[in-house]
Amino acid sequence: MRTRIFLYLVLCTILIFSLAPLIAFLQAAFFGLSEAESKTEAIKTFLDFFKRIPESTIAKSLWFTLKQSIASTALAIGLGLPGAWLTARFRFPGRKALLSLAAIPFCFPPILIILAFISYYGKEGLLSTAFSLIFGSRGEYRGILYSFWGLVIVHAFYNFPIVVHQISALLLRIPNTPLEAARTLGAKKLKAFRTGILPWIMPGIGQSAGLIFLYCFFSFTTVLVFGGRAGTTLEVEIYQALRYRSNLALAAVFSVIESACALLGIWMLTRIKGKTYRTVRDFGAARKLVKPKGKQWFLIVLYQIFIIVFFIGPLFSIVIEAFRVPASLNSPDKFGFDNFKRLLTGFQAPLTGAILSTLKLSGIAALLATFIGIIACFSIFFAQRGEKKSNIVAMMMDLLQWLPMAVSPAVIAYGWLFISANHLATSALIAAQALIAWPFVSRTVGASLRAIDSRMHEAAKTLGASPIKAFITIELRTILPSVAAAAAFAFSITAGDVNVPLMLGMSEIETLPLILYRLTAAYRFNEACAAGLVLGLMTGIVFMLKEKVIDVA
Amino acid sequence: MSLEVKDLLVERNSFVLRADFSLEQGKILVLLGPSGCGKTTLLRSIAGLEMIKQGTITLNNLRIDKLPTEKRHIGFVFQDLALFEQLRVRDNIGYSLSIRNEEKRKREERVISLARNFKIEHLLGRYPYELSGGERQRVAFARAFAADPMLMLLDEPLSSLDAPLRREMRRFIRVQLSRQQLTTIHVTHDVEEALDLGDEIIVMRDGKMISRGIMSDFEKKPGSGWLARFMNLGLVLPIIEISASKESQLLDIMTPEENMFQVSRNLESNIDNALEKAMCLYIPFSAIKIFRKNNNEKTINVKIVRYLTSTPLVSKLVLTLPSMQDYFFELPMPESDFPMPAEGTEIEISIDQSMCQVLPDIPL
């Protein structure tokens, strides 16, 4: 009984924390900020807004959002599947590195990847310079990067490591016997693959595709930088409605449409997820990797070269560009620390302040998110273990976990701004970022909590441990690594976020991603790379610390 | 010969498998051995699922070792059965027929006839995950039979079943295979299963075939203490001291508790060289008698650990040697009128020394 009251209390707190900004935003959007209007008038206003919104804008941006999300997802899957297959079948040098690329979307913020792509694929970028040196045709990529396909390529490259990682893990655990059984029954290689392997990995592919689709659907920074000429996504429309038109109602309508689509996607994703759990649960130990032979080596080397040239290259170019000082009237092209110096000491030198404020704000937001996430995942865990009446807590909490995937961060940011005392941007920023990040924490920790064999807890109890002692020695001990990973993850999300600070338009606070965005927008790419390197190092160090914690745990 | 495997060599990392054997049409050969001895690898090599380094495999006078798996005309039942979970039982059984583009009506007839044979007619519309362990086994067998294979390969398909069901399935498979006159290789690590199913048994160890025959062959000539222990053929005692004069046909052997035996030389090769290896004394169970003393026979003291009377058909005695209390052996309970000594007491057993053999502890 006491547990149930506690669980309901936790649920109510998280419910209020999650839904308050949404309600505040919608209330402000449809009923005005201060004066209370009658119910009928409110509904009339709401309907009026729908009529007034130019249909073409909504349809156009919705179509563009869907189009770019589908294309990006398809390309990411196409790029990732061969990698997944190779890493799940063969033992070769660079295999682990290929798998660890999956950390990039999590530990490097999108703005950094955008910068990497500009500095590599851009018209002054390394790749086009290399091409021009070889072929003498400078400016090959001028038309691609800032177009629909440029956007799709960036999204795909940012997300394909997720496919490699997830599908490879699945393939490693799928037994080879159904494929072999098909062969012994007379099926040729392709038919045997279609019967023995494909049905097992399809739910996994669907799940990865769903996640990538949702990420691309809500993509903001990338579209803002690359997609401008080709079109805008719903998320960018919301930003523009809020920042440039100050039209809350328009933003609200966009966000409602966006959320409806996202919810549909999430519903499909959860269905696929359930299926994946069912199939994977039955599998035994991971298969052994084999040494590649002949043609297989060729494929592996080809794939690795492709990844190095087109994916690792951009990341390296950040380092090179950060130290490259472009030629000016007084000096030729050279390498040095000038870009860093200019950011630290020159005119508009915000780097030190930005580093400190990013560390402070993201640190607090990440801590808050980790705290809420852990409380939430334990509540789900106990609610699922406990009596039937508690199941509603688990269900509600599970639904809340999908919130950041279904609601525009801009809406959350503005909602918190309306709630916070004196409309203080700093507290709104922390609360909004914590709200966006906590479900990632609860999902990461929850997964490792669910993976614990309940018999271990029972075994500890049979050996004389009290319930609390058993909890501390079994559950808590086991989830420590995932708590570290989740906290690092939360820090990376909050430290790399451009959307919320840009939306809140804080003049009093500069964060590193914000500087990065502004320097990029001002075409000060080398300085942007220098700031990006600092941001990358910051998130990289946090992820290294996480590994250390995991090792110790 | 239906199947001939000649000079087969398979290398995988540090593991080396060598095999050379043949099998008559319609016979069931059991590959018996502990885990990791290479029996599954051998089966997979015959099926073409494992690359072979050298050797030939001939099936019904056709060399198949260069053919891809799908052209070898073999049936394979996997340990995990490998049913296609996304297909209904009907489609699982008819899979090979659809690959061969069999006419739909014929295919259906064949599936139904097999299902009737395997008593799974009522399950044709179900998915594999809706079936019990025994039902899944039957589906896997029916699917393998549907391909009309020339050779059936069974890779411990019964290992996941509980004991009574396993026994029942064993008999059922035996009947089905005999009815079809299908040449079969069955892999197992279970001696009882091997004896029950096989016309012949090949025992494998560390990638080698160390012995071939039927039960009485193994009992007469186990060849090593390891095999006698593995197949539970008799009592295997370590030898503390062994001496033999060149002229004498008898070896003087001392085992624990200073039990002295006189055993005839059964090693053809130079005894001195063989003795450099660890040796043991093999006493077949048929050479041991309990509660019956015979002045000509050697007696040793053993301790009664337990009376196993729970099995209705066979009552057994679990015994141990007083100085080797972690070594147990079982003997069938003799029919006797006098009262049985209590558990924990020592009794004498008599041994016919002429049946004992000195063997290398592990296969040479």
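1. Domain separation. In this predicted model, the centres of domain 1 and domain 2 of chain A lie 24 Å apart, taken over C-alpha atoms. Domain 1 is built from two segments, 1-31 and 348-553. Domain 2 covers 54-336.

2. Contact residues. Domain 1 of chain A puts 40 residues into the contact. Domain 2 of chain A puts in 44.

3. Buried area. About 3,400 Å² is buried between domain 1 and domain 2 of chain A. Carbon and sulfur atoms give 75% of that area. On the domain 1 side, the residues that lose the most area to domain 2 are A:W402, A:M405 and A:N526. Together these three account for 17% of what that side buries.

4. Polar and charged pairs. The count of salt bridges between domain 1 and domain 2 of chain A is zero. Polar contacts are present across this interface: five residue pairs, both residues at pLDDT 80 or more.

5. Elements on the domain 1 side. Which elements of chain A give two or more residues to the side of domain 1 that touches domain 2? They are α1 (2-31), α20 (403-406), α21 (409-419), α22 (425-451), α24 (467-496), α25 (499-504), α26 (512-521) and α27 (525-552). The largest share comes from α27(A), with 11 residues.

6. Composition of that side. By class, the side of domain 1 of chain A that touches domain 2 has 28 nonpolar residues. Another 10 are polar, and two are charged.

Conventions: Residues numbered from 1 in each chain as written. Chains lettered and ligands numbered in written order. Predicted model: local features only at pLDDT ≥ 70, side-chain atom pairs only at ≥ 80, totals over all residues. Heavy atoms only, no water. Domains from an automatic or database assignment. Contact = heavy atoms within 4.5 Å. Buried area = accessible area lost by both parts, 1.4 Å probe. Salt bridge = Lys/Arg side-chain N within 4 Å of Asp/Glu carboxyl O. Polar contact = N/O pair within 3.5 Å; in protein donor to acceptor, adjacent residues only side chain to side chain. Helix = DSSP H or I, 4+ residues; strand = E, 2+ residues; numbered from the N terminus. Nonpolar A, V, L, I, M, F, W, Y, C, P; charged D, E, K, R; others polar.
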